[in-house]
Amino acid sequence: MNSLTLHPGSDLGLGVWTHDDLHLFGEGSHFHLHHKFGAHPATLDGVRGVYFSVWAPNATYTAVVGDFNGWNRGDQPMLRIAEIGIWERFVPGVAPGSIYKYHIASRFHGYAVDKADPFAHASETPPHTGSVYRPWQYQWNDQHWMETRGPRQTVESPISIYEMHPGSWIRDPGDPGRWPTYRELAAKLPGYLRDEGFTHVELMPIMVHPLYRSWGYQVTGYFAPTARYGSPEDFMALVDALHQAEIGVVLDWVPSHFPSDEHGLGYFDGTHLYEHADPRKGFHPEWTSLIFNYDRGEIRSFLVSSAMFWLEQCHADGLRVDAVASMLYLDYARNPGEWVPNEYGGRDNIGAIEFLKRLNQACYGYFPNALMIAEEATSWGGTTRPVHEDGLGFGYKWDMGWMHDSLRYFKEDPLFRKGRHNDLTFRMLYAHTENFVLAISHDEVVYGKRSLLNRMPGDRWQQFANLRLFFAWMFAMPGKKHMFMGQEFGQWNEWNFETSLDWHLLNDPLHAGAARLYRDLNALYRSENALYQGDCQNGGFEWIDCDDAAESVVALLRRDTRSGDLMIIALNFTPIPRQARRVGSPEYGRYEVLLNSDAVDYGGSGQGDPGPIWTSPQGAQNRPFSLSLQLPPLGALFLRFRGAN
């Protein structure tokens, strides 16, 4: 954090703010407010101290209060320096680690309150709510990653994301009630992810949130990591360690709503400053939280600056933007009469749409290779289309349709899956309309939905076989991959944010086999161009056989359109082995079996072709050649074409 040199006598107070800053802030185009607002080390006339700045346009009085002045509201009054409502104060002698807030007295209703700093770079550990003056000092060691990450994050790259909750991934067995620290995670997480073959980790929100039970989705501090797991430097050390292990870091980021805690953003200066005043726009009925007023330029500047802060200061490689659907629609989670149409009489939230476009333009403008991922569950068109083509400008969108269809299909008894065959095949009607991520998130393994393994039908062996088949199905489909922690080794229980994952399950051969399969699928995905080059574009996927609902078998083709590399994947969704199954091939020659999800090493029965397999001149499924395959029960075969020699 750079120290500011203050210049008293400026027409804007101490000279930190310029007229250009004010203009950009007001119009929603200031993307680095974190360099201005908040608490920064500063020097005034040779005296060292801290420069404080806050936005409170409807305040008649503000002051810096903290442990350094006995929380005296009259000791350090702030000076209003602009009509837009910016207040500032230089306070000498404030030591790092000092706790502070802003006392704000409103011009309305006699309202007065002590507020946490919206731009604080550190905070107290909950339930305490103070901001902490902490000038960040960290020496990064991830230069190689930062210089080479670009090609790893394109639509033509293999991207396999591991979503995890820092507080409940792994805990000390001797002290299971204690959260792990960032440093402890830095010692264990990178190696695990590297060994399992993941390319990226997605951290559920680590921004300051007062209620642990919210999982981080009720944010009060948009410019600081939670102190539950350590200091900001500790958090940066975690990111650094992940980068040195060549693991990208995606942060879950929540610009859709925020909690109404008194110390936070709500009713900040005695008015609805950050949120809409009209509860039909400013209150979220589903989450009982407040909704940002995206129509205000200052709010757009605040939120985009937050996104830029994590990409810039914390070396994040991307953001997964939470609950985009709730932002796009004015009637989201509302009944008729509970929402206000836009100026054209429609349900689109025009301010939020413009904010999302500006967000993506700014983030990609400064960080062209960032991953900007939308959690968007509707059929909104153009989520990943560029802004100049009237899209929202995201790089990727979660494919919630694939997730719902696939989970609905897999929980069905195989005897009745023929009636749901369309759940497997429907996705390819829209698979390349957006750049999709195939996501199994934390939301799918909580609140009675059960874990992936526990929702699979059949006896114990069949449950594991179905889980392995589900993994294979995900990697067979076009789209980037995303799996929530614990599911990769077959967690039996739903996710519980208060406890560690059940790592002891890996002592069981079936759980270890599931983990081994996921690791091998990650390795296969990363090594075979045909499995990822066409993730987000036409030409890399073809159905070979998608109509056999009676036997619940599908066969598909994945191709690298640049090199011509070709793979055939055949999946049997029943426990009945399929002998001499005829599968069409566009080429004559030899196929090698690269992976069999029913292999003994994975806990399977060991059935299925070992390979190599040669094509027959007998055509099938409108292809000139064919393979005769032995398909394992509840299993998948991945075959690579090796040519005619």
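This is a predicted model: local features need pLDDT of at least 70, side-chain atom pairs count only at pLDDT 80 or more; totals for chains, interfaces and linings use all residues.
How many bridges join strand β1 to β2, and do the two strands run parallel or antiparallel? Two bridges join β1 (residues 4–5) to β2, and the strands run parallel.

Strands of a sheet pair through backbone hydrogen bonds, either parallel or antiparallel. Here five strands form an open sheet in the order β1-β2-β3-β6-β5, and the pairing is mixed. Its edge strands are β1 and β5 (79–80), each of which pairs on one side only.

Strand β2 covers residues 38–44 and is mostly covered, with six of its seven residues buried. On one side, Thr 5 has Thr 43 of β2 as its bridge partner. Thr 43 also has a bridge partner in β3, namely Arg 48. Seven bridges join β2 to β3 (residues 47–55), and these two strands run antiparallel.

## Helix α9

Helix α9 (400–410) is largely enclosed by the rest of the structure, because eight of its 11 residues are buried. The buried residues are Met 400, Trp 402, Met 403, Asp 405, Ser 406, Leu 407, Tyr 409 and Phe 410. They pack against β19, α10 (421–425), β20 and α11.

The N-terminal end of α9 is capped by Asp 399. A side-chain oxygen of Asp 399 lies 3.3 Å from the backbone nitrogen of Gly 401.

## The loop between β18 and β19

Two residues of this loop are described here. Glu 376 is placed in the loop between β18 and β19. Glu 376 counts as buried because its relative accessible area is 1%, and the cut-off for buried is under 20%. Leaving aside neighbours within four places in sequence, Glu 376 is in contact with Val 324, Ala 325, Leu 328, Thr 383, Lys 397, Trp 398 and Met 400. Met 400 is one of the buried residues of α9.

Thr 384 is also found in the loop between β18 (371–374) and β19 (396–398). Thr 384 is buried, with a relative accessible area of 12%. The side chain of Thr 384 reaches the backbone nitrogen of Asn 435 at 3.0 Å. Not counting residues up to four places away in sequence, Thr 384 touches Phe 394, Gly 395, Tyr 396, Lys 397, Glu 434 and Asn 435.

## The largest pocket

Rolling a probe the size of a water molecule over the atoms shows where empty space is left. In this model, the largest pocket holds about 680 Å³ of space. Its lining has 27 residues, of which Trp 215, Glu 286, Trp 287, Asp 322 and Asp 443 lie nearest the centre. The lining divides into 11 nonpolar, seven polar and nine charged residues. Helices α7 (324–328) and α9 each supply at least two residues of this lining.

Trp 215 also touches Tyr 447. Apart from residues up to four places away in sequence, Tyr 447 touches Trp 215 and Glu 494. Tyr 447 is placed in the loop between β20 (436–440) and α11 (460–476). Is Tyr 447 buried or exposed? Tyr 447 is exposed, with a relative accessible area of 69%. Tyr 447 and Ser 53 are 394 residues apart in sequence, and their C-alpha atoms are 42 Å apart in space.

Most residues other than glycine have a negative phi, and most peptide bonds are trans. Against that background, His 109 has a positive phi of about 60 degrees although it is not a glycine. His 109 lies in the loop between β7 (99–106) and β8, and counts as exposed at 70% relative accessibility. Ser 552, also not a glycine, has a positive phi of about 55 degrees. Ser 552 is found in the loop between β22 (541–548) and β23 (553–559), and is buried, with a relative accessible area of 2%.

The peptide bond from Pro 126 to Pro 127 is cis, with omega near 15 degrees. Pro 127 is placed in the loop between β8 (112–115) and β9 (131–132). A cis peptide bond also joins Gly 611 and Pro 612, with omega about -5 degrees. Pro 612 is found in the loop between β26 (590–596) and β27 (613–614).

Definitions and conventions:
Residues are numbered from 1 along each chain as its sequence is written. Side-chain values use heavy atoms; hydrogens and water are left out. Helices (H or I, at least four residues) and strands (E, at least two) are DSSP runs, numbered from the N terminus. Buried means under 20% relative accessible area, exposed over 50%, partly exposed in between (1.4 Å probe, protein chains only). A polar contact is a pair of N or O atoms within 3.5 Å; within protein, one must be able to donate a hydrogen and the other to accept it, and residues adjacent in sequence count only if both atoms are side-chain atoms. Contact means heavy atoms within 4.5 Å. On a 1 Å grid over the protein atoms alone, a cavity is a set of points where a 1.4 Å probe fits but cannot get out, and a pocket is an open set with protein on both sides within 12 Å along at least five of seven lines; lining residues have an atom within 4 Å of a point. Grid points are joined across faces, edges and corners, and a volume is the space filled by probe spheres set on the points. Ala, Val, Leu, Ile, Met, Phe, Trp, Tyr, Cys and Pro count as nonpolar, Asp, Glu, Lys and Arg as charged, and the others, Gly among them, as polar. Two strands pair if DSSP finds at least two bridges between them.
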